[in-house]
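Here's a quick briefing on a protein chain. Take a look at the sequence and the 3D view before reading on.

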Amino acid sequence: MGINYYGKCTGVSGGKYDLWLNVSQNSQNISSNTSNVTVKLLLKRNDGYSASAYNLTESANSVKLTVGGSVKVSKNIAIDTRNNLTVTLAQWTGNVSHTADGSLALNIGGEFTMSSTNLTGGEVTCSFKCTTIPRASSFSLSAVSVNPDSTLKATITYASGSFTHRLIWSVGNESASADIGAGVKEYTMSIPLNWASQVPKASKGTLKITLKTYSKGVLIGSVNKNIPFVIPSTSAYKPEFNISLQKIENSVPEDFDEYVKGISQLKVDLTDITYKYGATLQSLTITVGDVSKRNAPAVFDLTKSGTVTITVSLRDSRGFITQKTQNITVCDYKSPYVTIKSIERCDEDGTLNSQGKYLIIDYAVGYSQVNNKNNCETVLKFKNSKASSYGDALSLTNSPFIFGDGNIEEGSSYMVSVGVKDRVCRNYIEFLRSVSVAAIPFNIRRGGKGAAFGKFSEKENELEVAWDLSVDGNLSVSGELNYENISYESHENAQNLTCNIRHYPALRMVCVAIRTEVSKDLGANTTHTLATISTRKPLFFAPLGCVVHFSSGVESLGGIQGTGEIVIRPGGAISKGTQIFISGNYII
């Protein structure tokens, strides 16, 4: 059928005539990028009048047909439009070339001249759009995403069987390509494992695929596709490391080869760290028990006994996490202590005698076994209360234990110090007790200026009573009644405070044994108050001497100040859970 394009005729009766081009697309050649078309230049009177124009002399008339800028017909012809004839002035059939992208707008022109009074000629032009010829081949893929170290198949849909192709695939700066011959419809692309390094900060990138189409070596088009390039969360891409544990012994003997609660520390580090295919460190968490730190190496205090779990989590820049755990066993530990049940006067064979020349102590020792690797040493020292220093230490091997060598004086009181240490706590922890003078019904002090009931008189101008005093009648006191109310309280730095206080009114002395536990981590080189011991008259409260011990292995000094405050002055930090033991004698 074709498409008609109309023009105009000239002459007196030119408006009564139609001049048109009829253009038909017959076929296309994809390989050569051409279309075959037929173009006709036609003339006819349009009002049905039969006596229309004509000139049968060929030389008197001319016709020209131009297609795509090229003259295809140019000739002289006889023209006769009578009897309503449709006159074919010119006709051409041939191939026309499309542009590189396969499109074509074909410019066509026709014209004629005629020697006639009523019709002298005419002209018509048009632009005929040929069907666009597909140039670049298309392709489909076997998957919607791809991983490193895998393959991906491309299936090509040809525009022409003679076309050849070049397939290019890339991730970041890495790329590969393949030349594909005519007629080959499938190609399997290999995605190398090391292409993962092109996506170091995410778990997904982009794989770009381009198919270029060639006709006889000339590029005629290309098609692009992008699909996700996915780094899977598997061991091949996750970071790797090993956990390194180092035991910090502090005061624990090396031959124990044990972690000891409150004494040992644990240093955690990472070795053999490997980040895969360009990834880097994003974050690190080391957790020991319920304490976490974010740097390595990290040192942890061991505040709990039993099985302690160490967990290390390493996150890389892709967000991939590798987590490893290890367990250690921590032995329970408490500093050694002595429970003094009694210290009394006795005879040489241990028979209790309130006027005996010997002393007998009944005691019990407690210490942590640490898997049967620990042992304990207990010593005793004593002195006459009037003496300035203790005698030589005696090794306590059993209980009860008799000492004094028959030299215990009836009229003197004595101070007894029991010290205990183990292989972890290497300094003696002292526990002090006093023994009053011998018990007798009544004694008058030499010189007659003092007296005592139930003991020997030790003070000038005082009446001393060693027994409980029961008064049925009224008690009238003209001077000051010498009684001290002893109390104690814990500060915020300590917890579980226990305090054993023995008040000896006759000796104007208080013996104090304190056990407490640090409730929070305490900083280094700072005075920390743990507890307060108070009396009615704290200004008279003065320490004779005391020993401070705590199990963190940090050197310290300590004591009870004149105001009754128990303080520690560490040279290093003291961790939560540290046990504190203080004992001393105080004059009231």
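This is a predicted model: local features need pLDDT of at least 70, side-chain atom pairs count only at pLDDT 80 or more; totals for chains, interfaces and linings use all residues.

Start with Val288, which stands opposite Val291 in β23. Residues are numbered from 1 along each chain as its sequence is written, and side-chain values use heavy atoms, with hydrogens and water left out.

**The whole chain**

- The protein chain has zero helices and 44 strands. Both are DSSP runs numbered from the N terminus: helices are H or I with at least four residues, and strands are E with at least two.
- Of the 588 residues in the protein chain, 42% are buried. Buried means under 20% relative accessible area, exposed means over 50%, and partly exposed is in between (1.4 Å probe, protein chains only).
- Take the contacts in the protein chain between residues at least 6 apart in sequence: 62% of them join residues at least 24 apart. A contact means heavy atoms within 4.5 Å.

**Two open sheets**

- As background, strands of a sheet pair through backbone hydrogen bonds, either parallel or antiparallel.
- β22 and β23 belong to an open sheet of five strands, in the order β20-β26-β25-β22-β23, and its pairing is mixed.
- At the edges of this sheet stand β20 (259–260) and β23 (291–293); each has a single partner strand, so one side of each is left without a neighbour in the sheet.
- Another open sheet has three strands in the order β27-β28-β31, paired antiparallel. Its edge strands, β27 (337–346) and β31 (401–403), each pair on one side only.
- Nine bridges hold the antiparallel pairing of β27 and β28 (residues 358–366). Tyr337 has Gly366 in β28 as its bridge partner.

**Two hairpins**

- β17 (residues 204–215) and β18 (residues 218–230) run antiparallel and are joined by 12 bridges. Along this pair, Thr210 stands opposite Asn224 in β18.
- β17 and β18 form a hairpin with two residues between them, and Lys216 in the turn has a positive phi of about 55°.
- β6 (residues 62–67) and β7 (residues 70–75) also run antiparallel, joined by five bridges. Here Thr66 has Val71 in β7 as its bridge partner.
- The hairpin of β6 and β7 has two residues between the strands, and Gly68 in the turn has a positive phi of about 60°.

**Zooming in on Thr38**

- Thr38 is in strand β4 (residues 34–45). Thr38 counts as buried because its relative accessibility is 12%.
- The Thr38 side chain makes a polar contact of 2.8 Å with the Asn26 side chain, and another of 2.8 Å with the side chain of Thr93. A polar contact is a pair of N or O atoms within 3.5 Å; within protein, one must be able to donate a hydrogen and the other to accept it, and residues adjacent in sequence count only if both atoms are side-chain atoms.
- Leaving out residues up to four places away in sequence, Thr38 touches several residues, including Val23, Ser24 and Trp92.

**Aromatic rings**

- Rings of Phe, Tyr and Trp (its six-membered ring) pair if their centres lie within 6.5 Å; planes under 30 degrees apart count as stacked, over 60 as edge-to-face and the rest as tilted. By this rule there are five aromatic pairs.
- Tyr237 and Tyr277 make a tilted pair, 5.8 Å centre to centre with 45° between the planes. These two tyrosines are 40 residues apart, so to speak from distant parts of the chain.- Tyr237 is buried, at 4% relative accessible area, whereas Tyr277 is partly exposed, at 26%.
- The rings of Phe401 and Phe403 have centres 6.2 Å apart and planes at 20°, so this pair is stacked. Phe401 is buried at 15% relative accessible area, and Phe403 is buried at 3%.
- Phe382, Phe401 and Phe403 form one aromatic cluster.

Technical notes:
Two strands pair if DSSP finds at least two bridges between them.
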